[in-house]
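Work through the exercises below with the sequence and the model at hand. Each task is followed by a solution in steps.

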Amino acid sequence: MEFENLKIGMKESISKTITETDIILYSGISLDCNPIHLNKTYAETSRFKKRIAHGMLTAGLISAILGTRLPGEGTIYLEQTLKFKQPVYLGDTITAVCEIIDIIEEQRKIILSTICTNQDGKVVLTGEAKVMK
């Protein structure tokens, strides 16, 4: 989308069900092989009682929106704050939503609220992104 067409309040979303394959591939790409993500026996002894997805795997859904939907192609990701509110488990369907909350026209920068929820409507991640278009 062209910068001139962006308006405060515009929003986009994307959903994905987190699979075993996602976690294995993300572990390899990120080099984060924490057993809480990969080892069922280990995870059963944790506070979560089962394996959880990488937090940054969930946050990656935000990047997908920014680079492909809102503001879209050519977007440069500058900053992101994240608060991980709830664990994401294998089989959870996560919906990420980005909404434009401010536009700094003279710098061609856009501020967006970012939130991810699971299939039960529970917020698993919140934050704010700053991008340039």
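**Exercise 1. The surroundings of Tyr89**

Task: Which residues does Tyr89 contact, leaving aside its neighbours within four places in sequence? Is Tyr89 buried or exposed?

Solution. The model is a predicted one.

Step 1. List the contacts. Beyond its neighbours within four places in sequence, Tyr89 is in contact with Ile18, Phe48, Lys50, Arg51 and Ile52.

Step 2. Look at the ring. Lys50, one of these contacts, lies over the face of Tyr89, at 4.5 Å from the ring centre.

Step 3. Tyr89 belongs to the loop between strand S2 (76-84) and strand S3 (93-104).

Step 4. Judge the accessibility. Buried means under 20% relative accessible area. Tyr89 has 18% relative accessibility, so this loop residue counts as buried.

Step 5. Check the separation from Thr19. Tyr89 and Thr19 are 70 residues apart along the chain, while 8.9 Å separates their C-alpha atoms.

Step 6. Count the aromatic pairs. The structure has zero of them.

**Exercise 2. The overall layout**

Solution. 

Step 1. Count the elements. The protein chain has four helices and five strands.

Step 2. Read them in order. The pattern along the sequence is β-α-α-α-α-β-β-β-β.

Step 3. Take the dimensions. Along the principal axes, the C-alpha atoms fill a box of roughly 55 × 30 × 20 Å.

Step 4. Take the buried share. Of the 133 residues, 36% count as buried.

Step 5. Sort the contacts by separation. Among contacts with a separation of 6 or more, 65% come from residues 24 or more positions apart.

**Exercise 3. The largest pocket**

Task: Which residues lie nearest the centre of the largest pocket? How do its lining residues divide into nonpolar, polar and charged?

Solution. 

Step 1. State the volume, which is about 210 Å³ for the largest pocket.

Step 2. Find the lining. There are 15 lining residues, and Ala53, Gly55, Phe84, Gln86 and Pro87 lie nearest the centre.

Step 3. Assign the lining to elements. Helix H4 (55-68) and strand S5 (123-132) are the elements that give two or more residues to it.

Step 4. Divide by type. The lining holds eight nonpolar, five polar and two charged residues.

**Exercise 4. Backbone points to check**

Task: Where is there a cis peptide bond? What are the phi values of Leu31 and Lys49?

Solution. 

Step 1. Find the cis bond. The peptide bond from Leu70 to Pro71 is cis, with omega near 0°. Pro71 sits in the loop between H4 and S2.

Step 2. Take Leu31. Its phi is positive, about 70°, although the residue is not a glycine. Leu31 is in the loop between helix H1 (20-30) and helix H2 (35-38). Its relative accessible area is 71%, so Leu31 is exposed.

Step 3. Take Lys49. This residue is not a glycine, yet it has a positive phi of about 70°. Lys49 is in the loop between helix H3 (40-44) and H4. At 53% relative accessibility, Lys49 counts as exposed.

**Exercise 5. Lys109, Ile76 and Gln119**

Task: Is Lys109 buried or exposed? Which residues are in contact with Ile76, and which does Gln119 touch, when neighbours up to four places away in sequence are left out?

Solution. 

Step 1. Locate Lys109. Lys109 lies in strand S4 (residues 109-117), and with a relative accessible area of 18% it is buried.

Step 2. List its contacts outside four places in sequence. They are Phe3, Leu78, Asp102, Ile103, Ile104, Lys130, Val131 and Met132.

Step 3. Turn to Ile76, in strand S2. Outside four places in sequence, Ile76 is in contact with Lys130, Val131 and Met132. Its relative accessible area is 45%, so Ile76 is partly exposed.

Step 4. Compare sequence and space for Ile76. Ile76 and Pro87 are 11 residues apart in sequence and 28 Å apart in space, C-alpha to C-alpha.

Step 5. Finish with Gln119, in the loop between S4 and S5. Gln119 touches Asp92 and Thr93, not counting residues up to four places away in sequence. Gln119 is partly exposed, at a relative accessible area of 43%.

Conventions:
Residues numbered from 1 in each chain as written. Predicted model: local features only at pLDDT ≥ 70, side-chain atom pairs only at ≥ 80, totals over all residues. Heavy atoms only, no water. Phe/Tyr/Trp six-rings, centres within 6.5 Å; stacked < 30°, edge-to-face > 60°. Lys NZ or Arg CZ within 6 Å of the ring centre and 35° of its normal. Buried < 20%, exposed > 50% of the residue type's maximum accessible area, 1.4 Å probe, protein only. Contact = heavy atoms within 4.5 Å. 1 Å grid on protein atoms, 1.4 Å probe; cavity = no way out; pocket = protein on both sides within 12 Å on 5 of 7 lines; lining within 4 Å. Points joined across faces, edges and corners; volume = space filled by probe spheres on them. Nonpolar A, V, L, I, M, F, W, Y, C, P; charged D, E, K, R; others polar.
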